Amino acid sequence: MAAAVPHHTLLSFPKVLLFPLLLLVFGPVSSTMDYSEKELLFSIMDAMSSDRDWRSYSKPDPCNPSSSWPGLECKLGPDAHFHVTKLVFGTLPNPTCGSSATFPSQIFSLSFLQSAHFLNCFNTRRTALFFPRPHASLQQLSLRGNPALFGSIPPQISSLKSLQVLTLSQNRLHGEIPESISLLSSLIHVDLSYNSLTGTIPAKIWNLRSLVDLDLSFNALAGAIPASIGELGLLQKLDLSSNALAGSIPQSVGKLKFLTFLALSDNKLTGYPNPAAGLANLQNLQYLIMDSNPMFSPLPPELGRLQRLQELKLSNSGYSGKIPGSFTGLRNLTALSLENNHLSGEIPPGLGELSRIYHLNLSRNMLGGVVPFSADFLRRLGRNLDLSGNSGLCFNGGSLVSGEIFCGVGLCGSTKPSSSSSSSSSSNVRQPLASSSVMLLYYSSIFESPALYWAFGYVGFNAVFFYLCLLL
Ligand SMILES: *[C@@H]1O[C@H](CO)[C@@H](O)[C@H](O)[C@H]1NC(C)=O
Ligand SMILES: *[C@@H]1O[C@H](CO)[C@@H](O)[C@H](O)[C@H]1NC(C)=O
């Protein structure tokens with residue numbers, strides 16, 4: 001071995017000298033990679049992907065602009081060498097991962113690496129995350145859709161000190177979110193969704209002051225939402241849906257003044273002591289998605305102050321009492337889901353005046369009285385309106401249509417729909433509809449021109465009407 005070293009040095013010495021010399025002679029100087037970095041890159045590539053023979057596909061070296069390796073980016077370092085700054089695996093045109101590929105922790109020896117992506121890469125052989133040494137340059141680590149990526153998130157993740165983007169979505173990760181993640185104070189975007197993470201949300205999350213996006217949805221996180229989440233003052237998107245989070249929404253959420261998207265569906269959040277907590281302060285909120293929680297409280301009228309709201313989803317949560325009249329002030333609302341609660345009283349007429357709404361589900365409540373919607377409104381929403389399963393609701397025949405049933409809701413004064421299921425209401429629609437002049441007006445508005453209406457005739461009308469209701 002001792003003899004081999006000088007031998008090797010002797011052989012390679014002239015080459016080492018010659019190469020820069022050639023560059024000098026033949027002008028525009030093109031930089032090269034550091035030898036050991038190049039070897040490291042080759043060994044990573046050979047282990048990860050058999051798409052091609054990486055060594056022969058890399059003349060003069062992979063970082064050279066003329067070689068244009070897929071999935072590889074390099075930058076010129078202060079030492080005038082090219083260094084690997086970005087590696088992307090798993091989707092064409094990037095290198096696809098072989099069946100024996102495992103998480104290549106050698107990438108953390110590429111000391112200039114800023115960004116590493118593995119999408120749909122580890123599919124066959126079980127592998128786990130491993131952070132063997134601190135890394136000061138890595139800003140983006142993204143592993144998404146890797147069904148063979150098991151194990152937990154090692155606490156050593158905190159040694160990736162410059163990390164800004166951490167995506168570990170749709171893998172098979174379990175165990176707890178390490179508390180040490182809160183040391184990564186440069187994090188801007190964190191997505192750990194669709195794994196099997198357990199335990200609680202780290203209380204020290206307030207350390208992540210730069211966080212703009214936090215997605216922990218579709219895991220098995222339990223415990224309360226930590227009040228410290230309110231310290232994430234730059235947060236714009238927070239998705240904690242489909243976990244087992246319990247307790248009430250902390251008042252401090254109201255401090256997240258840049259929040260535009262909040263999803264808390266499918267948890268065990270309760271409405272006691274205050275179902276709205278600080279939510280009414282979120283003046284930039286556009287999406288409030290909070291279906292399927294055991295809230296068991298009245299609907300908070302304060303939500304009507306969220307002027308920017310486009311989607312408000314509060315279904316299946318045990319809400320009782322009336323639909324607050326304040327909801328009719330949500331002028332930008334496009335979707336409102338309040339189905340499957342215990343709401344009673346009448347539908348506020350103002351809901352029918354929300355000009356952008358295209359989805360309204362009030363089904364399976366205990367609403368009553370006359371449906372206050374115009375024919376125009378009904379036509380605009382079409383199958384996206386669901387009023388079924390409210391035995392006290394009825395249509396005023398004089399103002400709308402004649403007939404037994406309209407899409408799950410009966411005419412006032414006639415027999416009520418027997419059940420909430422839409423199949424039974426559809427079959428009721430098959431019954432002949434009596435004609436009236438109002439009905440004719442309505443039909444002709446469907447057909448736009450009276451001539452068309454007369455051409456289709458009564459049978460045609462019935463078919464169209466039936467079709468509309470079937471869609472509902
Ligand atoms: C409503 O939506 C429009 C168009 O998207 C937007 O310009 C306007 O600012 C929104 N209004 C509020 C109060 O957010
Ligand atoms: C309304 O909600 C019910 C659940 O209660 C669902 O079955 C139905 O498909 C929804 N309707 C629309 C139009 O989305």
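Select strand 5, residues 140-144, in this predicted model. Its side chains alternate. Leu 141 and Leu 143 point to one face and are buried.

Which strand is joined to strand 5 by five bridges? Strand 3 is, and the two run parallel. Find Leu 119: its bridge partner in strand 5 is Arg 144. Next, select strand 7, residues 165-167. Three bridges join strand 7 to strand 5, again in parallel. Here Gln 140 has Val 165 as its bridge partner.

Move on to the largest nonpolar core. It has 100 residues. Val 84, Leu 312 and Val 371 have the most contacts inside it. Strand 3 and strand 5 are among the elements that each supply at least two residues, as is helix 2 (35-48).

Click on Val 371. Leaving out residues up to four places away in sequence, Val 371 touches Ile 347, Leu 387, Leu 393, Cys 394, Phe 395 and Val 409.

Last stop: ligand 2. Around it are Glu 339, Asn 340, Asn 361, Ser 363, Arg 364, Asn 384 and Asp 386. Four residues of this shell are polar, three are charged and none is nonpolar.

Zoom out to the whole protein chain. It has six helices and 26 strands. Of its 472 residues, 36% count as buried.

Conventions: Residues are numbered from 1 along each chain as its sequence is written. Chains are lettered from A and ligands numbered from 1 in the order in which they are written. This is a predicted model: local features need pLDDT of at least 70, side-chain atom pairs count only at pLDDT 80 or more; totals for chains, interfaces and linings use all residues. A nonpolar core is a set of buried Ala, Val, Leu, Ile, Met, Phe, Trp, Tyr and Cys residues joined through C-beta atoms within 7 Å. A residue is buried if 20 or more other C-beta atoms lie within 10 Å of its own, exposed if 12 or fewer, and partly exposed in between; C-beta atoms are placed from the backbone. Helices (H or I, at least four residues) and strands (E, at least two) are DSSP runs, numbered from the N terminus. Two residues are in contact if their C-beta atoms, placed from the backbone, lie within 7 Å. A residue is near a molecule or strand if its C-beta atom, placed from the backbone, lies within 6 Å of it. Ala, Val, Leu, Ile, Met, Phe, Trp, Tyr, Cys and Pro count as nonpolar, Asp, Glu, Lys and Arg as charged, and the others, Gly among them, as polar. Two strands pair if DSSP finds at least two bridges between them.
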